[in-house]
Amino acid sequence: MKKSIIASALIGLGLSALHVQAADNELNLYSARHYQTDEALYSNFTKQTGIKINRIEAKEDELLERIRNEGANSPADVFITVDASRLAKADEMGIFAPVKSKVLEERIPSHLRTDNWYSYSTRARLIVYNKDTVKPEQVQTYESLADPALKGKVCTRSGSHPYNISLGAAMINHDGVEATEKWARDLVANFARAPKGGDTDQIKAVAAGECGVAIANSYYLARLMNSTKDEDKAVVAKIGAVWPNQKTWGTHINVSGAGMLKSAPNKGAAVKFLEYLASDDAQKYFANGNNEWPVVESVKVSNPALDKLGEFKADTQPIGNLAKSAAEAQRVFDRAGFR
Ligand SMILES: [Fe+2]
């Protein structure tokens, strides 16, 4: 009698009842992250909870396509990916279910979570310049990259890449649509070459002198700075890095994030996993796996490159706002010819 009352009360509570449900003993994880330290991240979860993780790893867009095709029958419980604009895309597809969790609310700062997904690590988009051809004073802001003084010096990956789309979204939210479109147009006019390659390619082209300045995610620079290879050391010796917009809205931040799927067959395990990712140990593994920063403020990582790059003021606009402006940013870049 008592039991059934408790059970029906829990059903009435909906998602919060998941915490007390008998633990699902398997978790199907669709992940676009694959770094070596992630192995320990997953095996520790299994050790702590007895929940086995079945991992499907692929490129972000492939996983999303797969989830779309599988529909309501998808075995996926949790989707992990990088970049707010990709998480936004997933969210727009309606694949996530909100998770009510005190643990997540307490540990993840409010600007780094949305109703449907959570950030677990942050990376910054910074400016890298060639010390021989560009002065750091010239490139203190993202906006400054559109300055005609930098004509023929700017390099970047494609304007349709999520990393640039998210930066564009941040700029739209701070500077407005019109200013961001003008910025993109003037940025294109400053290009040393048509966009090609990834962020590391831009950094290397800056070191080689083909470009004077480029935009790159912090972990690519950190990877080169932590490298013991002579060729990487030579690249690092040639370049300087700037935390953009320290006197204005702060350096643009992006995230790795995860959410529980609406169709998740193991919702109890999914919530446990999302909470585990916010634990001290998991935060360290998660951040260290890709030279990123933990989102939980009390968790500190020691990474020689990140320590060397030092403290900076990060943009604190809610990550959900970035996500909301991503589609607009794509249209703005298209109009400006930043492709
Ligand atoms: Fe990346």
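Start by selecting Ile239, which sits in strand β8 (residues 239–242); helices here are DSSP runs of H or I with at least four residues, strands are runs of E with at least two, and both are numbered from the N terminus. This is a predicted model, where local features need pLDDT of at least 70 and side-chain atom pairs count only at pLDDT 80 or more, while totals for chains, interfaces and linings use all residues. Residues are numbered from 1 along each chain as its sequence is written, and side-chain values use heavy atoms, with hydrogens and water left out.

Is Ile239 buried or exposed? Ile239 is buried, at a relative accessible area of 9% (buried is under 20% relative accessible area, exposed over 50%, partly exposed in between, with a 1.4 Å probe and protein chains only). Now show what surrounds it. Leaving aside residues up to four places away in sequence, Ile239 touches Val128, Tyr129, Lys131, Ile203, Val206, Ala207 and Leu221 (contact means heavy atoms within 4.5 Å). Pick out Val128 from that set: Ile239 and Val128 are 111 residues apart in sequence, yet 6.6 Å apart in space, C-alpha to C-alpha.

Next, hop over to the metal. Select the iron ion and you'll find Tyr163, Tyr219 and Tyr220 coordinating it, each through OH, at 1.9 to 2.1 Å. Donors are N, O and S atoms within 2.8 Å of the metal (3.2 Å for Na, K and Ca), and water is not among the atoms, so sites may look incomplete. Along the sequence, the donor residues follow the spacing Y-x55-Y-Y. Colour by accessibility and Tyr219 and Tyr220 both come up buried.

Time for some charged pairs. Side chains of opposite charge can pair when their charged atoms come close. How many salt bridges does a search of the whole structure find? The search gives 20, counting a side-chain nitrogen of Lys or Arg within 4 Å of a carboxyl oxygen of Asp or Glu.

Zoom in on Arg33 and Glu292, whose closest N and O atoms are 3.3 Å apart in a salt bridge. Arg33 lies in the loop between β1 (26–31) and α2 (38–49), and Glu292 in the loop between α12 (280–288) and β10 (293–294), so this pair ties together parts 259 residues apart in sequence. Arg33 is buried, with a relative accessible area of 0%, and Glu292 is buried at 0% too.

Then try Asp199 and Arg125, whose side chains meet in a salt bridge at 2.7 Å, N to O. That pair links distant parts of the chain, with Asp199 in helix α8 (residues 199–208) and Arg125 in strand β5 (residues 118–130), 74 residues apart. Asp199 counts as buried at 1% relative accessibility, and Arg125 is buried with a relative accessible area of 1%.

One more salt bridge to show is Glu60 with Arg86, at 3.7 Å, N to O. Here Glu60 is in helix α3 (residues 60–70) and Arg86 in helix α4 (residues 84–92), 26 residues apart. Both Glu60 and Arg86 are buried.
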